[in-house]
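Q: I am new to this structure and would like to learn how to read it. Could you take me through it feature by feature?

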Amino acid sequence: MKQVLRQLRDQGKDDAHYEVKTCSHDLSKDVWESVSAFANTGGGVLILGVSEKDGFTPVPDFAIDRVCDQLVSGMGDGGGEGRLTSPPHYTIERERVAGMDVLVVAIDELDPSQKPCYITAQGVLGGSYKRVDDKDIKLSANEVYLLQSAMTVDPSDRLPVRGASLDDLDSATYEQVFAKARLVMPRAVRGAQTTDDYLKRLNLINGDGRVMRAGLLVAGVYPQQFFPKIHIDVAVHPGSSKSSDGSVRFTDRAICEGTLGEMVEDAVSAVVKNLRRTSVVRGVGRTDELEIPEEMLREAMANAVIHRSYNPRFDGEAVAVDVFDDRVEVVNPGGLWGKSRDELADGRSCCRNATIMRLMFLAPLPVGAVSPVEGNGSGIPFMLREAGARGLRAPEFIPTADYFKVILWRPGETKRRESALSGARALEEILRENGETSLRELVERSGMSISQVRRRVNELIEAGTVEATAPVTSRNRKYRAVG
């Protein structure tokens with residue numbers, strides 16, 4: 001506890017995990033806001049009997065027994081109803097700091113099926129809070145809705161789309177969906193004879209013949225005619241944060257529209273062109289690899305469009321992809337569904353939008369693309385495994401009340417410099433072993449791109465370890481190692 005208080009003193013305020021309250025003689029009323037916030041977010045610790053105003057020091061003559069009794073009673077463990085609806089599990093410990101009593105209360109995060117925890121007298125909309133840094137912030141109506149529906153089946157992807165008709169579905173796309181369904185799930189289309197039979201059986205249209213959201217989003221001609229903001233917004237930023245000083249806001253931008261599959265592929269392409277490629281030794285050869293593998297990017301994008309909320313209250317929100325110097329962030333509207341944050345990588349499949357998931361599994365993919373839509377809970381373990389295999393920092397998965405964020409980390413600057421240096425040394429070794437060698441031969445032997453070879457050869461020439469054996473303008477120009 002001394003170490004925690006020292007940390008809070010150094011930073012000059014509470015934080016996302018710790019909240020101190022003076023509570024000299026009585027439990028302060030705002031304690032219940034903090035309990036609600038910790039229970040609805042990621043848990044936390046209340047430290048009672050400590051004054052933030054006095055530099056996070058213990059309060060003299062702290063009425064620890066009285067305050068403890070008031071807390072237990074308010075939690076509903078004192079024989080009465082308590083102050084909270086859905087109170088969290090908690091533990092209480094008494095500690096001595098600088099010879100004075102302090103009460104330490106650890107608040108557990110609630111199970112998703114029990115959220116939100118709220119102050120009963122204020123009602124669910126007025127008394128539900130979340131923890132953001134050192135603040136307890138009231139949940140919005142959308143956040144309360146998402147917490148309350150986090151464990152219930154969401155039928156939003158089966159809602160009929162007002163104004164849409166069969167003409168708004170792309171026949172080439174849904175015919176390919178039918179073809180795959182006949183191969184991988186023949187019972188789903190057993191007895192289907194007409195196009196309408198197939199469309200209804202696979203839930204592209206409902207029993208009344210009306211186009212459903214899932215059908216339009218997976219096989220529509222142009223879904224954004226009906227849902228202008230259901231797209232992926234890719235923004236590339238200079239530096240490691242979004243600009244807040246009025247300077248250049250981003251260096252590249254792409255609004256990726258179309259079907260969900262088209263959005264994913266366009267978003268992957270938009271990110272890929274803004275990432276670096278490095279030459280990596282694999283066995284006896286070298287390969288030119290993207291710093292974040294395309295498969296990881298595609299998995300993150302597919303998860304975002306499949307697991308986002310398609311409830312109409314979120315129709316005005318896009319999936320956001322932000323590319324920074326050190327990371328790529330993918331954020332989708334709609335918090336974690338069907339699991340707690342501790343269960344994210346357990347391999348269990350939970351899907352808010354079951355109809356979309358099924359159709360995306362059947363939808364056609366670009367040539368050469370491997371489907372990230374298997375519906376077996378393998379997505380997050382796959383990303384973690386790929387990052388480990390490539391020596392990348394493990395991806396981070398951040399669920400909140402109303403959005404879900406995935407952070408894919410790019411290699412650090414030091415690693416990129418080491419990679420470039422390694423590539424230059426490889427070229428120098430090839431030249432020492434083979435004597436005079438042309439640019440094209442260097443490309444073939446190294447596995448690097450022609451631009452990478454040119455750049456690194458020029459670096460070696462400047463360093464004086466390699467020289468050209470013919471004038472720059474000569475078609476017979478070759479290179480050799482010096483010394």
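A: Helices (H or I, at least four residues) and strands (E, at least two) are DSSP runs, numbered from the N terminus. For example, tyrosine 174 and phenylalanine 178 both lie in helix H6, four residues apart, which is about one turn of the helix. Please keep in mind that this is a predicted model, in which local features need pLDDT of at least 70 and side-chain atom pairs count only at pLDDT 80 or more, while totals for chains, interfaces and linings use all residues. Residues are numbered from 1 along each chain as its sequence is written, and side-chain values use heavy atoms, with hydrogens and water left out.

Q: How many helices and strands does the chain have?
A: There are 15 helices and 21 strands in the chain.

Q: What share of the chain is made up of buried residues?
A: Buried means under 20% relative accessible area, exposed means over 50%, and partly exposed is in between (1.4 Å probe, protein chains only). Of the 483 residues in the chain, 47% are buried. Tyrosine 174 and phenylalanine 178 are both buried.

Q: How do the rings of tyrosine 174 and phenylalanine 178 pair up?
A: Rings of Phe, Tyr and Trp (its six-membered ring) pair if their centres lie within 6.5 Å; planes under 30 degrees apart are stacked, over 60 edge-to-face, and the rest tilted. By this rule the count comes to two aromatic pairs. In one of them, tyrosine 174 and phenylalanine 178 form a tilted pair, 5.3 Å centre to centre with 35 degrees between the planes. Ring pairs also link Tyr174, Phe178 and Tyr198 into a cluster.

Q: How should I describe two helices that pack together?
A: Two packed helices are described by the angle between their axes and the distance between the axes. Here the axes are lines fitted to C-alpha atoms, for helices over the stretch in contact, and angles run from 0 to 180 degrees between N-to-C directions. Helix H6 (residues 171–184) packs with helix H11 (residues 354–362) at an angle of about 90 degrees, and their axes are 8 Å apart. Angles under 35 degrees count as roughly parallel, over 145 as roughly antiparallel, 65 to 115 as roughly perpendicular and the rest as oblique. H6 and H11 are therefore roughly perpendicular to each other.

Q: Which residues of H6 and H11 make the contact?
A: Contact means heavy atoms within 4.5 Å. On the H6 side the contact is made by Gln176, Val177, Lys180, Ala181 and Val184, and on the H11 side by Leu359, Phe361 and Leu362. To sort them by class, Ala, Val, Leu, Ile, Met, Phe, Trp, Tyr, Cys and Pro count as nonpolar, Asp, Glu, Lys and Arg as charged, and the others, Gly among them, as polar. The contact of H6 with H11 has six nonpolar, one polar and one charged residues.

Q: Where does lysine 180 lie relative to phenylalanine 361?
A: A charge sits over a ring if NZ of Lys or CZ of Arg is within 6 Å of the ring centre and within 35 degrees of the ring normal. Lysine 180 lies over the face of phenylalanine 361, 4.4 Å from the ring centre. Likewise, the charged end of arginine 308 sits over the ring of tyrosine 310, at 5.0 Å from its centre.

Q: Is aspartate 233 buried or exposed?
A: Aspartate 233, in strand E11 (residues 232–236), counts as buried because its relative accessibility is 16%. Leaving out residues up to four places away in sequence, aspartate 233 touches Arg253, Ala254, Ile255, Val319, Ala320 and Val321.

Q: What should I look for in the backbone?
A: Most residues other than glycine have a negative phi, and most peptide bonds are trans. A cis peptide bond joins lysine 115 and proline 116, with omega about 0 degrees. Proline 116 is in the loop between strand E7 (100–107) and strand E8 (118–119). Aspartate 61 has a positive phi, near 55 degrees, and lies in the loop between strand E4 (57–58) and helix H3 (64–74). Aspartate 61 counts as exposed, at 69% relative accessibility.
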